[in-house]
Amino acid sequence: MNLNTPHQTSGNSLNTIEQLEFQNGSLAQQHFVCVKNRLLDINNWFTICDNTHSKFCLCGIDGLEKSSALQAGDFIRIEVKGPQNTSGDGDDWVMVENIIDKPNEFSFRVRPCSAPTNNSDKIAHFFDERSTNTFGVRCTDRYVIVEINGRNEHINSEGLDMANSLRNTAMALGGFLFGSKSQWEKLAQGLLAQQS
């Protein structure tokens, strides 16, 4: 989709694409703005996903929830359903590393990172630091298209205690087989939905 998605070189990858067609480009552009605003409202993704998957919280460099605009260097705390991640004070964490904001395209890329809430340098996520997710929306002609792309997804199991290694393996395998695709499809559909 966009300049923000890295090349797939190893590990697992996942592509989620949803699109909506409008009668004309003006209507599509209006809806693009709406979808972009929803995409930026990370703290409400849980509601968009029908409250059935992970909760996401946008945090500043101190690890505390923030409501101001998304910036590179921000963190997203992920409360997953399942065993807690002790490296992340119970949660999984990613850092926003890149944002593209153009008139007809918006996207941001995240990468697993250590938790900003403690002094550990361990990656606090079930995927390791090679993995990325890119969230984006674009408007082209009469279409609004949402894409969520996972790249180079590798299980984070090296150098961890046995409990966290087993937890990350179970969470990643569950995501590979069942969870991630469903969660990202629900999020993409919710972001794209027209309000009645």
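**Group meeting talk: fold, surface and salt bridges**

Let's start with burial. Buried residues (under 20% relative accessible area, with exposed over 50% and partly exposed in between, 1.4 Å probe, protein chains only) make up 48% of the 196 residues in the protein.

A word on the source. This is a predicted model, where local features need pLDDT of at least 70, side-chain atom pairs count only at pLDDT 80 or more, and totals for chains, interfaces and linings use all residues. Residues are numbered from 1 along each chain as its sequence is written, and side-chain values use heavy atoms, leaving out hydrogens and water.

Now the fold. The protein has 3 helices and 7 strands. These are DSSP runs, numbered from the N terminus: helices are H or I with at least four residues, strands are E with at least two. In sequence order the pattern is β-α-α-β-β-β-β-β-β-α.

Next, overall dimensions. Along the principal axes, the C-alpha atoms fill a box of roughly 55 × 35 × 30 Å.

What about contacts? Take those with a separation of 6 or more: residues 24 or more positions apart account for 62% of them. Contact means heavy atoms within 4.5 Å.

On to the salt bridges. The whole structure holds 9. The criterion is a side-chain nitrogen of Lys or Arg within 4 Å of a carboxyl oxygen of Asp or Glu.

One of them pairs Asp 101 with Lys 36, at 2.9 Å from N to O. Asp 101 sits in strand 4 (residues 92–102) and Lys 36 in helix 1 (residues 25–40), so this pair ties together parts 65 residues apart in sequence. Lys 36 counts as buried because its relative accessibility is 18%.

Another joins Arg 109 and Glu 97, at 2.6 Å from N to O. Arg 109 belongs to strand 5 (residues 105–112) and Glu 97 to strand 4, 12 residues apart. Buried or partly exposed: which is Arg 109? Arg 109 is buried, at 15% relative accessibility. Glu 97 is partly exposed, at 29%.

Then there is Arg 130 with Asp 128, their closest N and O atoms 2.6 Å apart. Arg 130 is partly exposed at 43% relative accessibility, whereas Asp 128 is buried at 6%. Arg 77, Glu 79 and Asp 91 form one network, joined by salt bridges that share partners.
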